[in-house]
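Hi,

Here is the structure I said I would pass on. Have a look at it first, and my notes follow below.

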Amino acid sequence: MLKVKVLDHPYIQVVLTTLRDRSIKQIEFRKAMVRLGRAMGFEITRDFELEEVEVETPLGVKTRGVRFKDMDRVVIVTVLRAGMPMTEGLIKIFYNARQGVVSARRVEEKGMYPDKSFDVEITYVRLPTITRDDTVLIVDPMLATGSTIREILKIILSRRKPRRVLIVGAIATPLAIERIRPIVEAYNVEATIYTASIDPEVNEKGYIVPGLGDAGDRAFGE
Ligand code: URA
């Protein structure tokens with residue numbers, strides 16, 4: 001029920017390398033994250049169904065072509081604030097998407113679990129109406145432990161089951177994937193994680209290693 005796709009297009013891998021580079025500054029980082037969102041969006045459209053259409057060109061000649069069947073049935077849910085630049089890129093591709101935002105906070109007071117995950121508290125949710133025909137893209141560049149995505153999935157899927165959920169991140173970990181899977185299965189929803197890389201681990205501070213650091217701080221300053 002949960003698929004995982006590592007997008008290995010050379011352009012995506014080049015941008016990811018830029019993002020990982022500690023020497024790039026805030027604006028450069030933010031712009032690279034926008035580029036990554038746009039490039040990943042292009043690749044994600046491979047999983048959007050096409051339908052044949054006929055158009056008439058300015059020469060008065062009819063010709064056959066294609067369009068995306070469900071381009072008007074996309075909802076983008078951005079995890080604040082790190083997901084904002086990536087959404088800016090994705091929205092160039094999914095140009096008719098309705099948008100929602102979610103804000104989450106790590107509950108540090110309860111401490112870290114042995115698998116290095118923390119509980120996450122969702123502090124702000126504004127979602128558009130989501131229908132059974134919609135494809136929901138959840139945008140969070142760093143899928144470290146999967147805690148935030150788990151909570152967002154529960155909120156969205158307990159209201160209504162959309163056609164499918166696409167989770168878009170720059171980097172994911174095996175831990176995040178395995179913690180997201182049971183939620184997807186419990187709600188019996190079609191879901192795919194798209195990422196530019198699967199990095200091996202999360203450190204004691206909750207950062208992905210090798211990762212790219214704190215995506216929110218690097219894009220917007222500490
Ligand atoms: N969030 C980040 O911004 N970076 C990480 O490495 C993990 C979570």
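The side chains of Thr 145 and Ser 147 make a polar contact at 3.1 Å (a polar contact is a pair of N or O atoms within 3.5 Å; within protein, one must be able to donate a hydrogen and the other to accept it, and residues adjacent in sequence count only if both atoms are side-chain atoms). Thr 145 sits in the loop between strand E8 (142–143) and H4, where helices (H or I, at least four residues) and strands (E, at least two) are DSSP runs, numbered from the N terminus. With a relative accessible area of 12%, Thr 145 is buried (buried is under 20% relative accessible area, exposed over 50%, partly exposed in between, with a 1.4 Å probe and protein chains only). Beyond its neighbours within four places in sequence, Thr 145 is in contact with Lys 116, Ser 117, Leu 175, Ala 176, Arg 179 and Val 202, contact being heavy atoms within 4.5 Å.

Before you read on: this is a predicted model, where local features need pLDDT of at least 70 and side-chain atom pairs count only at pLDDT 80 or more, while totals for chains, interfaces and linings use all residues. Residues are numbered from 1 along each chain as its sequence is written, and side-chain values use heavy atoms, with hydrogens and water left out.

Arg 179 turns up again with Arg 150, whose side chain reaches the backbone oxygen of Arg 179 at 2.6 Å. Arg 150 belongs to helix H4 (residues 147–159). Is Arg 150 buried or exposed? At 19% relative accessibility, it counts as buried. Leaving aside neighbours within four places, the contacts of Arg 150 are Arg 179, Ile 180, Pro 182 and Ile 183.

On to the ligand. Around it are Met 142, Ala 144, Gly 206, Tyr 207, Ile 208, Gly 213, Asp 214 and Ala 215, going by a heavy atom within 4 Å.
- Ile 208: a backbone N or O atom is 2.7 Å from a ligand oxygen atom.
- Gly 213: a backbone N or O atom is 2.8 Å from a ligand nitrogen atom.
- Ala 215: a backbone N or O atom is 2.8 Å from a ligand oxygen atom.

On its own the ligand has 240 Å² of accessible area, and the protein covers 84% of that (Shrake-Rupley method, 1.4 Å probe; for residues, only the protein chains shown count as cover).

Now the packing. The largest nonpolar core has 38 residues, and Leu 36, Ile 44 and Phe 94 have the most contacts inside it. By nonpolar core I mean a set of buried Ala, Val, Leu, Ile, Met, Phe, Trp, Tyr and Cys residues joined through side-chain atoms within 4.5 Å. H2 gives the largest share of this core, seven residues.

What about E7? Five of its five residues are buried, so the strand is largely enclosed by the rest of the structure. Thr 135, Leu 137 and Val 139 are buried on one side of E7, and Val 136 and Ile 138 on the other. E4 and E7 run parallel and are joined by five bridges; two strands pair if DSSP finds at least two bridges between them. Val 74 has Thr 135 in E7 as its bridge partner. Five bridges also join E7 to E9, again parallel, and there Val 136 is partnered by Val 165 in E9.

Val 139 is also touched by Thr 87, which lies in helix H3. Thr 87 is buried, at 5% relative accessible area, and also touches Ile 76, Thr 78 and Gln 99, leaving out residues up to four places away in sequence. The buried residues of H3 pack against H2, E4, strand E5 (98–106), E7, E9 and H6.

Finally, some backbone geometry to check. Most residues other than glycine have a negative phi, and most peptide bonds are trans. Here, a cis peptide bond joins Leu 80 and Arg 81, with omega about -10°, and Arg 81 is in the loop between E4 and H3. Another cis peptide bond, between Val 209 and Pro 210, has omega about 0°. Asn 188 has a positive phi of about 50° without being a glycine; its place is the loop between helix H5 (174–187) and E10, and at 44% relative accessibility it counts as partly exposed.

Cheers
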